[in-house]
Amino acid sequence: MKIAIIGATGHVGSLVAAEALDRRHEVTAIVRHPENLQYDIPFIKKDLYDLKTADLISFDVVVDAFSAPRGAEEQHKTSIEHLISILRGTDLRLYIVGGAGTLYTDESKQTKLYQMPGFPKVVFPTSKNMDDGLNALKKKTTNLSWTYISPSANFIHSTDKSHGYIAGAEVLLNSPSSGQSEITMAEYAVAMLDEIENPKHLNQRFTVVSKQN
């Protein structure tokens, strides 16, 4: 499968690339600084906002691991809107590295994590704009195949993928063994590639948590 990864030099993007390469997919990085790539793979040196349909049409899958800088959190929304605009009407599947703050806190689905009292103010703009981007996907993409994958509340920068993962839907999950909402980035990458290879959540958001911590 031909997989393009936007943000392949980042923490999550590099691990998704590693997992895809381990599974013998054809991986191309879309990055502004190819000199920072950890793997010797083809790349397109381009800003996300400069991408056009022609840049992506030869791929089967596009993974969006873009991370907006602090102070420009609205790019979590506008970047998704740009990808919608250039991928709408194509056969490509779009996979978004989402955020945990957009998940509901319980099955009543009245409150999302970022709306809870005490949610860190420094993270609030990121989560709010990620939520706006998710809503754009849900409302504007009748002719685009997409999947939005939210990690657990504690998204651990680690290459450990030994614990496996459990998938859920729209509600924040806790590990059945520890009660903690945690997942490593490597376990998340496994979940991403599992979904790419065997799609179960087309035009949906789902979440994952480590089986044990």
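What share of the contacts in the protein with a separation of 6 or more comes from residues 24 or more positions apart? Such pairs account for 74% of them, where contact means heavy atoms within 4.5 Å.

This is a predicted model, in which local features need pLDDT of at least 70 and side-chain atom pairs count only at pLDDT 80 or more, while totals for chains, interfaces and linings use all residues. Residues are numbered from 1 along each chain as its sequence is written, and side-chain values use heavy atoms, with hydrogens and water left out.

**View 1. The whole protein, with 5 helices and 10 strands.** Helices (H or I, at least four residues) and strands (E, at least two) are DSSP runs, numbered from the N terminus. The radius of gyration, taken over C-alpha atoms, is 16 Å, close to the 17 Å that the globule rule gives for 213 residues, so the protein is as compact as a globular protein of that length. That rule is 2.2 Å times the number of residues to the power 0.38. Along its principal axes, the C-alpha trace spans about 45 × 35 × 30 Å. Of the 213 residues, 49% count as buried; here buried means under 20% relative accessible area, exposed over 50%, and partly exposed in between, with a 1.4 Å probe and protein chains only.

View 2. The expected span is 1.5 Å times one less than the number of residues in the helix. With 9 of its 12 residues buried, H1 is largely enclosed by the rest of the structure. Look for Val12, Leu15 and Val16 among the buried residues. The buried residues of H1 pack against strands E1 (2-6), E2 (26-31), E4 (61-64), E5 (93-97) and E7 (154-156), and also against H5. Just after H1, arginine 24 takes a positive phi of about 65°.

**View 3. Helix H5 (residues 185-197), mostly covered.** H5 has 13 residues and reaches 18 Å from its first C-alpha to its last, close to the 18 Å expected at 1.5 Å a residue. Of those 13 residues, 11 are buried, including Met185, Tyr188, Met192 and Ile196.

**View 4. The loop between H5 and strand E10 (204-210), with histidine 201.** Is histidine 201 buried or exposed? At 16% relative accessibility, histidine 201 counts as buried. Leaving aside residues up to four places away in sequence, histidine 201 touches Trp146, Thr147, Glu195 and Phe206. Asparagine 203 lies in the loop between H5 and E10 too, and at 37% relative accessibility it counts as partly exposed. Asparagine 203 has a positive phi of about 55° although it is not a glycine. Most residues other than glycine have a negative phi.

**View 5. Phenylalanine 43 in strand E3 (residues 43-45).** At 45% relative accessibility, phenylalanine 43 counts as partly exposed. Which residues does phenylalanine 43 touch, not counting those up to four places away in sequence? They are Thr28, Ala29, Val31, Pro34 and Leu37. The C-alpha atoms of phenylalanine 43 and valine 31 are separated by 7.1 Å, and the two residues are 12 residues apart along the chain.

**View 6. Lysine 109 in the loop between E5 and helix H4 (124-140).** Phi of lysine 109 is near 55°, a positive value in a residue other than glycine. At 40% relative accessibility, lysine 109 counts as partly exposed.
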